[in-house]
Amino acid sequence: MIGDHRIRVGTLKYKVLSLIIGIALLVGLTVAFIIRKADTRLSDDSLTATQIAATQIAATQADHEGTGSDKESERPDETESAKDSGGSSDSASNKIYNIADSIVDFATADDKTEGLTFDAYEHAKQQDNYIAYEYDADRSGKFLEKVSRDPSLLWSAYEDTVFLGDSIIRSLLDYALVDINQMAAEVGSMTSDIPELAWQVIDANPKYILVLYGLNEIDGSDDDAYYFAERLFSQLEPIRQALPNARIIILAITPCCDNAIASQARLGTIEKYNIKLREKCVKEGLSFCDCADLFYEHPEQYGADGIHFHKALCIEWMYQVAKNMHIYP
């Protein structure tokens, strides 16, 4: 009995030990599996993070490249910007137009007056032009190129223009170069006459107003040069108020030949009046155009009085004004 009991106890111990070993093996395998699974997840997570980081970097680079492309496409055209700022046609468009220096062949002009000179203006200087309005430099250049080929097109630039002044500017009508409805100028007119002509200018509501006064009222004194500019701008104020969008261009007083100055010394002082006119234009925001050099070069195109000039010079004058002031249809 005792022997049997010992056998059963030994068998039981063996079974228990086997069970413990089995459980230990199972636990060990389970722990190993869990550890391996954790390592795999960690590796996967690391890969995922790397992939995400790489994707984000790629996306950032793509966005950056896309933004750069957008900036290129959205960059304002430099030509347009220069146009709006009112730059010259060369700097604004980088284009060279075939624009004639002159559209009149004075050598073949019908009217000439021999013996006239400008000696009194030997040291006079043409004033720099001043443009107070914005313009399209490319459009101006293309128009002038067309005029170079066909000078008759010049007058299309002045279809929406009114001319205000004295007999010098009225010559355009006398030579049938512009329409009578465009002319608000009278022979012998002075700045004091502007109020009587203002209604015609305002009623026309033009894009451009070309103004020329002076020969009938300047006295040659230094003080008068200042007060003349003040009078002119004072008389123009109602027109400026009524037509705030009109482009008003003050034309420089045209020079007179020596024979005219010999009889009226005051006509030899025109340069200082033009200096004051330009200063006033810059201060008040109106445009100014001086073509004195053109006149100095062609005394033969003046009439016998040495004050008024022939048709050919009138045409060339208006061409130079259109070119210098960028006037186009």
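Colleague: Buried means under 20% relative accessible area. By that cut-off, does aspartate 224 count as buried or exposed?

Modeller: The model is a predicted one. Aspartate 224 has a relative accessibility of 9%, so this residue counts as buried.

Colleague: Which residue forms a salt bridge with aspartate 224?

Modeller: Arginine 231 does, and the closest N and O atoms of the two are 3.5 Å apart. Arginine 231 also meets the side chain of glutamate 217 in a salt bridge, at 3.3 Å from N to O.

Colleague: Where in the chain are glutamate 217 and arginine 231?

Modeller: They are 14 residues apart, and the pair links distant parts of the chain. Glutamate 217 belongs to the loop between strand S3 (208–212) and helix H7 (222–242), while arginine 231 is in helix H7 itself.

Colleague: And is glutamate 217 buried or exposed?

Modeller: Glutamate 217 is buried, because its relative accessible area of 16% is under 20%. Arginine 231, at 30%, is partly exposed.

Colleague: How many salt bridges does a search of the whole structure find?

Modeller: The search finds eight. One of them joins glutamate 237 and arginine 240, at 4.0 Å from N to O. Both of these residues lie in helix H7, three residues apart, which is about one turn of the helix. Glutamate 237 is partly exposed, with a relative accessible area of 30%.

Colleague: Which residues are linked in a network of salt bridges?

Modeller: The network is made up of Glu230, Glu237, Arg240, Lys280 and Glu284. Lysine 280 has a further contact: its charged end sits over the ring of phenylalanine 233, 5.8 Å from the ring centre.

Colleague: Let us turn to the rings. How many aromatic pairs are there?

Modeller: The count comes to 14. One of the pairs is phenylalanine 295 with phenylalanine 309, whose centres are 5.0 Å apart and whose planes are at 45°, which makes the pair tilted.

Colleague: What parts of the chain does that pair link?

Modeller: The pair links distant parts, 14 residues apart. Phenylalanine 295 is in helix H10 (residues 292–297), and phenylalanine 309 is in the loop between H10 and helix H11 (311–325).

Colleague: Are phenylalanine 295 and phenylalanine 309 buried or exposed?

Modeller: Phenylalanine 295 is buried, at 1% relative accessible area. Phenylalanine 309 is buried as well, at 3%.

Colleague: Which ring geometry does phenylalanine 309 have with tryptophan 317, and why?

Modeller: The pair is edge-to-face, because the planes are at 85°, and planes over 60 degrees apart count as such. The ring centres are 5.6 Å apart. Tryptophan 317 is buried, with a relative accessible area of 2%.

Colleague: Which residues do ring pairs link into a cluster?

Modeller: Ring pairs join Phe118, Tyr121, Phe295, Tyr296, Tyr302, Phe309 and Trp317 in the cluster.

Colleague: A change of topic: how much space lies in the largest pocket?

Modeller: About 150 Å³. Which elements contribute to its lining is also known: H10 and H11 are the ones that give two or more residues.

Colleague: Which residues line the largest pocket?

Modeller: Among them are Asp101, Ser102, Gln126, Asp290, Cys291 and Asp293. The lining also includes Leu294, Glu297, His298, Glu316, Gln320 and Asn324.

Colleague: By class, what does that lining have?

Modeller: Two of the lining residues are nonpolar, five are polar and five are charged.

Note on methods
Residues are numbered from 1 along each chain as its sequence is written. This is a predicted model: local features need pLDDT of at least 70, side-chain atom pairs count only at pLDDT 80 or more; totals for chains, interfaces and linings use all residues. Side-chain values use heavy atoms; hydrogens and water are left out. Rings of Phe, Tyr and Trp (its six-membered ring) pair if their centres lie within 6.5 Å; planes under 30 degrees apart count as stacked, over 60 as edge-to-face and the rest as tilted. Helices (H or I, at least four residues) and strands (E, at least two) are DSSP runs, numbered from the N terminus. Buried means under 20% relative accessible area, exposed over 50%, partly exposed in between (1.4 Å probe, protein chains only). A charge sits over a ring if NZ of Lys or CZ of Arg is within 6 Å of the ring centre and within 35 degrees of the ring normal. On a 1 Å grid over the protein atoms alone, a cavity is a set of points where a 1.4 Å probe fits but cannot get out, and a pocket is an open set with protein on both sides within 12 Å along at least five of seven lines; lining residues have an atom within 4 Å of a point. Grid points are joined across faces, edges and corners, and a volume is the space filled by probe spheres set on the points. Ala, Val, Leu, Ile, Met, Phe, Trp, Tyr, Cys and Pro count as nonpolar, Asp, Glu, Lys and Arg as charged, and the others, Gly among them, as polar.
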